[in-house]
Amino acid sequence: GGFLYPYIGRKIYSRTIIVSSGLILCINYAMLSVGQFFAAAPAAAYIIVALVAFFIGASVSVFSSCFSVLFIKSTDEKYLSRASGIHNAVSVSAMPVLSFLSGFLAVYIPTTIILLAGAVLGILLFIVIAVKKVKFE
């Protein structure tokens with residue numbers, strides 16, 4: 001992301017980068033749930049998992065780079081350290097909360113359904129961002 005963003009950030013609007021990165025991420029999360037269909041062909045499953053992992057990593061890194069640049073541009077310099085600290089605290093605390101929630105849900109719902117539901121909700125979120133033309137600048 002740090003390598004790609006300076007090149008694509010000059011040619012593509014931030015909203016487009018965020019929406020497309022988010023959609024790629026969510027589609028690949030959905031692809032994580034199709035492993036059961038490749039039980040008879042483990043080589044194909046490994047190739048798909050490698051591609052999914054690559055696209056998840058690429059989309060997250062481009063999304064993160066774009067968000068970081070927008071965050072720094074839109075935050076007043078005198079509040080940057082405080083805002084950054086709050087952002088990092090919320091981000092770090094979200095991980096165990098969501099891990100607990102997904103672990104709790106996995107007791108009652110198959111993980112494939114949880115992955116698909118999360119992917120669908122994410123896709124809907126990024127479609128709303130695209131359609132409502134949310135401004136990030």
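Reader: Happy to look at this one with you! Among contacts in the chain between residues at least 6 apart in sequence, what percentage join residues at least 24 apart?

Author: Glad to have you here; please keep in mind that this is a predicted model. A contact here means heavy atoms within 4.5 Å. Taking those between residues at least 6 apart in sequence, the share that joins residues at least 24 apart is 75%.

Reader: Which elements make up the chain, and in what order do they run from the N terminus?

Author: The chain has zero strands and five helices. Read from the N terminus on, the order is therefore written with one symbol per helix, helices being numbered from that end. That gives α-α-α-α-α.

Reader: Now to the pockets! Which residues lie nearest the centre of the largest pocket?

Author: The largest pocket holds about 930 Å³ of space. Its lining counts 26 residues. Those nearest the centre are Leu25, Tyr29, Val60, Met95 and Leu98.

Reader: Which helix gives the most to the lining of the largest pocket?

Author: Two or more lining residues come from each of helix 2 (14-31), helix 3 (42-74), helix 4 (80-108) and helix 5 (111-131). The top contribution is nine residues, and it belongs to helix 4.

Reader: How many charged residues are in the lining of the largest pocket?

Author: Sorting the lining by class gives 16 nonpolar residues.

Reader: What about the second largest pocket: which helix gives the most to its lining?

Author: The second largest pocket has about 150 Å³ of space. Its lining includes Ile8, Ile12, Thr16, Ile17, Phe55 and Val62. Helix 2 and helix 3 each supply at least two of the lining residues. With five residues, the one that gives the most is helix 2.

Reader: And by class, how many residues in the lining of the second largest pocket are nonpolar?

Author: Ser20, Ser21 and Ser59 are among the lining residues, as are Ile24 and Ala58. By class, the lining has no charged residues and four polar ones. The nonpolar count is seven.

Terms used:
Residues numbered from 1 in each chain as written. Predicted model: local features only at pLDDT ≥ 70, side-chain atom pairs only at ≥ 80, totals over all residues. Heavy atoms only, no water. 1 Å grid on protein atoms, 1.4 Å probe; cavity = no way out; pocket = protein on both sides within 12 Å on 5 of 7 lines; lining within 4 Å. Points joined across faces, edges and corners; volume = space filled by probe spheres on them. Helix = DSSP H or I, 4+ residues; strand = E, 2+ residues; numbered from the N terminus. Nonpolar A, V, L, I, M, F, W, Y, C, P; charged D, E, K, R; others polar.
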